Amino acid sequence: MDKSWKKLFEQKIRSRGKEYAYYCVSGYTSDESGYSATVRGSEDYKVMIFADYSKMSCSCPYAKDGKHCKHMAAVLYYAELLEKQKKEAERKADEKAARREQRIHLQEMKKTYGINLQPTLLRDVQSVTEWKKEVNRLINHFKNKDGYIGYWEADSFIDNLLDCFKTLYSFVGLCADKKAIDASIWLYRRILDVGVDDSSTGCTGYFEEEMLDFWEELSEYSDKNRELIITALQPVQNRGQAVYDFLGINADLDINFDWEDPE
């Protein structure tokens, strides 16, 4: 998606539009000719935008004189968000397929030749320790004087945290699953304890989704992994959407744990 549209809007209009994109856009459609949607403001406003941005319209009072309004910006930010989500979903699917293929290859090598090949990152405690130090470094860098990740730092923090989190996939191996699970639970609890103010963009939702995908993928490898994750999540069973979703998916398993809806 061509991002030249941002030059057509004042900075403060773009900023307001970005906030609206996360919560106020509905009925969105797009094709080769452009975009259309309804944006909720003081009332519902209809927005239509040509694909080349040569013409934009909105039913709000601000746009009647031909001005570019926050509702238009909201639709364009929303379009960017959907495009980003689509690319991310495709990337995750490709990476998951590659990891599955590698895991099958490692299992075949062990079965056929007795060769036990493992990823290197989590082969000893020191590597786990260094990974945790990196997480703590990120937290200390972004947290404010009150000890949590503030409104303005939340987006950048989550982006950096996800890059760090994705290295956990390198930790997964024939004998390293438990270490990877333990590390993921530690990270999840660490972020819950620190706290992130994502009231503007809801960016922690991306982190929650990555955690859930990680636990589900490891659960597919073995029932033992699934039970390890469920047991490890018991202390935080009423905190966080990823925990709620994972336990809900596996609620029919014969494992003794109690949990309640997260607040």
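**Close-up 1. Helix α6 (residues 177-194) packs with α8 at an angle of about 25 degrees, their axes 10 Å apart.** This is a predicted model, in which local features need pLDDT of at least 70, side-chain atom pairs count only at pLDDT 80 or more, and totals for chains, interfaces and linings use all residues. Residues are numbered from 1 along each chain as its sequence is written, and side-chain values use heavy atoms, with hydrogens and water left out. Helices here are DSSP runs (H or I, at least four residues) numbered from the N terminus; axes are lines fitted to C-alpha atoms over the stretch in contact, and angles run from 0 to 180 degrees between N-to-C directions. α6 and α8 are therefore roughly parallel to each other (angles under 35 degrees count as roughly parallel, over 145 as roughly antiparallel, 65 to 115 as roughly perpendicular and the rest as oblique). On the α6 side, Asp177, Lys178, Ile181 and Ile185 meet Asn225, Leu228, Ile229, Ala232 and Leu233 of α8, where contact means heavy atoms within 4.5 Å. By class, this contact of α6 with α8 has 6 nonpolar, 1 polar and 2 charged residues (Ala, Val, Leu, Ile, Met, Phe, Trp, Tyr, Cys and Pro count as nonpolar, Asp, Glu, Lys and Arg as charged, and the others, Gly among them, as polar).

**Close-up 2. α8 also packs with α7, at an angle of about 140 degrees and with the axes 5 Å apart.** The pair is therefore oblique. Trp215, Leu218, Ser219, Glu220 and Tyr221 of α7 make the contact with Asp223, Asn225, Arg226, Ile229 and Leu233 of α8. These residues divide into 5 nonpolar, 2 polar and 3 charged.

**Close-up 3. Next comes α8 (residues 223-233) with helix α9 (residues 241-249), at an angle of about 130 degrees with axes 11 Å apart.** That makes α8 oblique to α9. Arg226, Ile229, Ile230 and Leu233 of α8 meet Val243, Phe246 and Leu247 of α9. The residues of this contact are 6 nonpolar, no polar and 1 charged.

**Close-up 4. Finally, have a look at the lining of the largest pocket, which has 28 residues.** Nearest the centre of the pocket lie Tyr22, Leu81, Lys84, Asp159 and Tyr206. Two or more lining residues each come from α1 (11-23), α2 (70-113), α4 (154-165) and α7 (204-221), and α2 gives the largest share, 10 residues. Sorted by class, the lining has 9 nonpolar, 4 polar and 15 charged residues. A pocket is an open set of points on a 1 Å grid over the protein atoms alone, where a 1.4 Å probe fits, with protein on both sides within 12 Å along at least five of seven lines; lining residues have an atom within 4 Å of a point.
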